[in-house]
Amino acid sequence: MRKVIFDTDPGQDDAVAILAALGSPGEIDVLGIVAVAGNIPLHHTANNALRLVELADRDDIPVFAGADRPFTRRLVTAEHVHGATGLDGPDLPQPSARLREGHGVDFIIDTVRRNPEKSVTIAALGPLTNVALAILKAPDIAERLEAIVMMGGAYFEVGNITPAAEFNIYVDPEAAAVVFASGADITMLPLDVTHGMRATPSRIDAFRRIGNKAGAAVTAMLTFSETYDLQKFGWDGAPLHDPCVTAFLLRPDLFESRHINVEIETASALTRGMTVADYWGVTDRAKNAVFVRSGDADAVFALLAERVARLP
Ligand code: BDR
Ligand code: CA
């Protein structure tokens with residue numbers, strides 16, 4: 001059983017990642033969810049996290065608010081993709097559950113320290129602000145974590161928010177630089193893998209056909225959030241990003257990866273947030289991340305639907 005803290009900015013694709021994890025109680029023990037500002041401002045991401053635990057009938061899972069802005073930069077959001085609430089699409093009620101007291105960064109630190117060494121994983125689905133703040137405040141947790149498995153970055157697929165950068169890294173590149181330099185065991189699922197995970201009409205329909213509340217919500221979420229991407233790419237389905245993290249936690253064998261050096265560009269205005277990946281090993285920089293390059297899309301979508309089917 002893997003103990004996991006989700007750090008997230010939900011976001012429809014974050015939502016599917018979290019729901020699939022909540023549908024995997026035998027393999028993933030969700031210790032808590034920490035919201036970060038990203039796709040939309042923090043009050044929406046925190047509220048959406050509460051709506052998700054209620055949708056899954058799991059309001060026993062603690063939800064915390066984390067950082068409301070990047071380290072040094074103005075917050076860049078993505079309402080143009082996710083809608084004004086970040087979770088537009090399904091008609092989810094306002095939550096009756098409340099955020100837990102305390103800062104999400106302290107929850108991360110306390111949880112990692114309270115549990116045995118190498119037993120807690122952070123699944124990071126948004127900008128890395130909270131994760132970096134936790135590491136700066138308590139550097140011991142970098143080594144203590146089992147792993148950080150994150151959606152973010154790109155190399156061969158370059159960028160989605162600028163020509164050079166993926167959204168999560170672009171929003172807070174200084175935070176990403178802290179995380180990648182921390183010595184933690186990092187696995188990144190960049191656009192290079194997520195662009196191959198296309199939510200085609202038949203794959204979305206598989207969630208609808210489950211016939212439960214969660215499946216209906218996922219169908220509405222993905223139908224809403226793919227409008228922008230379908231126009232942008234002209235593909236048969238929009239890329240599904242964050243659920244790759246949950247799929248990787250459950251079935252790493254469905255993915256191909258390489259252990260390499262990845263550095264974060266923070267200085268250049270033109271390429272801010274670029275993940276400079278030494279995929280071909282042309283430098284002697286130390287390897288600091290497992291870079292996931294591709295995965296079995298049919299198997300990943302089947303896995304996600306199977307897990308969402310276990311929810312109410
Ligand atoms: C990432 O950016 C966000 O919009 C998504 O939720 C995902 O985490 C993809 O670049
Ligand atoms: Ca996200």
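**Stop 1: a loop tryptophan**

Select Trp280. Trp280 sits in the loop between strand 11 (275-277) and strand 12 (289-295). Helices (H or I, at least four residues) and strands (E, at least two) are DSSP runs, numbered from the N terminus. Trp280 is exposed, at a relative accessible area of 57%. Buried means under 20% relative accessible area, exposed over 50%, and partly exposed in between (1.4 Å probe, protein chains only).

Before moving on, note the ground rules. This is a predicted model, where local features need pLDDT of at least 70 and side-chain atom pairs count only at pLDDT 80 or more, while totals for chains, interfaces and linings use all residues. Residues are numbered from 1 along each chain as its sequence is written, chains are lettered from A and ligands numbered from 1 in the order in which they are written, and side-chain values use heavy atoms, with hydrogens and water left out.

Together with Trp280, they form a nonpolar patch on the surface, with about 360 Å² of accessible area. Such patches take residues with over 30% relative accessible area and no salt bridge; nonpolar side chains (Val, Leu, Ile, Met, Phe, Trp, Tyr) are joined within 5 Å, like charges within 9 Å. Accessible areas come from the Shrake-Rupley method with a 1.4 Å probe, and for residues only the protein chains shown count as cover.

**Stop 2: the calcium ion**

Which residues hold the protein donors of the calcium ion (ligand 2)? Select Asp9, Asp14, Leu125 and Asp242. Donors are N, O and S atoms within 2.8 Å of the metal (3.2 Å for Na, K and Ca); water is not among the atoms, so sites may look incomplete.

In sequence, the donor residues follow the spacing D-x4-D-x110-L-x116-D. Leu125 and Asp242 link distant parts of the chain, 117 residues apart. Leu125 is in the loop between strand 4 (120-124) and helix 5 (129-137). Asp242 is in the loop between strand 8 (238-239) and helix 12 (243-250). Are they buried or exposed? Both Leu125 and Asp242 are buried.

**Stop 3: the cores**

Select Phe6, Ile33, Leu189, Met197 and Phe255. They have the most contacts inside the largest nonpolar core, which has 60 residues. Helix 1 (residues 12-22) gives the most to this core, with 8 residues. A nonpolar core is a set of buried Ala, Val, Leu, Ile, Met, Phe, Trp, Tyr and Cys residues joined through side-chain atoms within 4.5 Å.

Apart from this core lies another, of 38 residues, including Ile109, Met150, Ile169 and Ile186.

Now show what surrounds Phe6. Not counting residues up to four places away in sequence, Phe6 touches Ala17, Ile18 and Leu125, among others. Contact means heavy atoms within 4.5 Å.

Next, select helix 4 (residues 104-114). Its buried residues include Phe107, Ile108 and Ile109. The buried residues of helix 4 pack against strand 1 (2-8), strand 2 (28-35) and helix 6 (140-144), among others.

Then go to Thr187, in strand 6 (residues 186-189). Thr187 is buried, at 7% relative accessible area.

**Stop 4**

Most residues other than glycine have a negative phi, and most peptide bonds are trans. Select Pro10 and Gly11. The peptide bond from Pro10 to Gly11 is cis, with omega near 0 degrees. Gly11 is in the loop between strand 1 and helix 1.

Jump to Asp57, in the loop between helix 2 (42-55) and strand 3. Asp57 has a positive phi, near 55 degrees. Val158 also has a positive phi, of about 45 degrees.

**Stop 5: salt bridges**

The whole structure has 15 salt bridges. Each is a side-chain nitrogen of Lys or Arg within 4 Å of a carboxyl oxygen of Asp or Glu.

Select Arg198 and Asp236. Their closest N and O atoms are 3.7 Å apart. Arg198 lies in strand 7 (residues 198-199) and Asp236 in the loop between helix 11 (213-233) and strand 8, so the pair ties together parts 38 residues apart in sequence.

Finish at Arg310 and Glu306, whose side chains meet in a salt bridge (3.1 Å, N to O). Salt bridges that share partners join Glu27, Glu306, Arg307 and Arg310 into one network.
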